[in-house]
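User: I'm new to reading protein models. Can you take me through how some of the labels get decided?

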Amino acid sequence: ARALTPQTAETDAIRFLVGTQSLRYDNQIHIIDFDDENNIINKNVLLHQVGEIWHISTSPADKGVLATCYNKTSDTKVMTCAAVWRMPKELESGSHESPDDSSSNTQTLELLCHLDNTAHGNMACVMWEPMGDGKKIISLADNNILLWDLQESSAKAVLSSSTALEGKGQLKFTSGRWSPHHNCTQIATANDTTVRGWDTRSMRQIYCIENAHGQLVRDLDFNPNKQYYLATCGDDCKVKFWDTRNVIEPVKTLEEHSHWVWNVRYNHSHDQLILTGSSDSRVILSNMVSISSEPFGHMVDDDELSDQEDQHQEEKIKEPLQDSVIATYEEHEDSVYAVEWSSADPWLFASLSYDGRLVINRVPRALKYHILL
């Protein structure tokens, strides 16, 4: 398995979706519900009969709707296609009840529409407009950016605009993210060692970070609370943080992994918390306070302090907190291809390795209270 996503529209129950990559069997989407109180994982399985899943993403507005990018073999060619699906009604919300007999009770996904890519090439990923009503999606296919309009309750996808990367060689996008800032009019894409920003209204390039990494850029993510800030990771084992207004040098670089870094994710509520997963089989949680939206920690009102406290407090406030690695998680025995924060609980995250192992972890309690208090 490589594909993991939180159920974005579900903000009450802790829920992740995993897509499998099996050549021999029908592929599946596993709906993973984590019962936080009892520390139990419940699982429902949906059949995904069209091929192995390379990427999965969920609608920000409708709990039942998701998109997958999957391999399809026709004649001797393998194409990566994309489609939008609906899960069965009774599985839409996170439930804590385990199905009575899950083994015999496998259900299938309902196909809403295909994102037709016959003219554009292989689909790398599908991104939903972050704050949207679930009607706008962007897919990256080879060197094309395609903006789709989902109509008639997602039963039809109409291509509303597109643009292509020009240049020498076989240009291919590896990944992209839709920025939650600027009224959701910007996306960032990675191809080879370059990261580019695009305006979705004109489909024109707005910035370009050439040689963002020494080797292939695998993934990127926007800081949810601080516009212009972007994290990238890649095959040079590094994670880099950029201010897109000045792209000559990264603001910070993390070099904690010993192999390709596949995934980087900002915490949605506390943007100092950064999660990375790598093919060194490790997940690393870092505390990047200096470039977060609260670099000096939690500010305290002057009125609340006595004189003596005041003195200490002032000394404390002037000093920005230090960046550090909080924890390294080594529960995986294989390459970690995906890490994701829960959309319901900001202190909880999941990681997925190629052998199909999904691990759910919490931010260490001491740090959680340090951030909150």
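User: What order do the strands of the open three-stranded sheet come in?

Analyst: This is a predicted model, and in it the order is β26-β27-β28, with antiparallel pairing. The twist averages 20° from one strand to the next.

User: What makes β26 and β28 edge strands?

Analyst: Each of them pairs on one side only. That goes for β26, at 336–341, and for β28, at 358–362.

User: How do you know that β27 and β28 pair?

Analyst: Count the bridges. Two strands pair if there are at least two bridges between them. Five bridges join β27 (residues 348–353) to β28, so the pair meets that cut-off. The two strands run antiparallel, and A350 stands opposite I360 in β28.

User: Okay, now N117. Where is N117?

Analyst: You'll find N117 in the loop between β9 (110–115) and β10 (123–128).

User: Why is N117 called buried?

Analyst: Buried means under 20% relative accessible area. N117 has 5% relative accessibility, so N117 counts as buried.

User: Which residues is N117 in contact with, leaving aside neighbours within four places in sequence?

Analyst: Those are M79, T80, C81, N122 and M123. Contact here means heavy atoms within 4.5 Å.

Technical notes: Residues numbered from 1 in each chain as written. Predicted model: local features only at pLDDT ≥ 70, side-chain atom pairs only at ≥ 80, totals over all residues. Heavy atoms only, no water. Helix = DSSP H or I, 4+ residues; strand = E, 2+ residues; numbered from the N terminus. Axes fitted to C-alpha atoms, helices over the stretch in contact; angles between N-to-C directions. Buried < 20%, exposed > 50% of the residue type's maximum accessible area, 1.4 Å probe, protein only.
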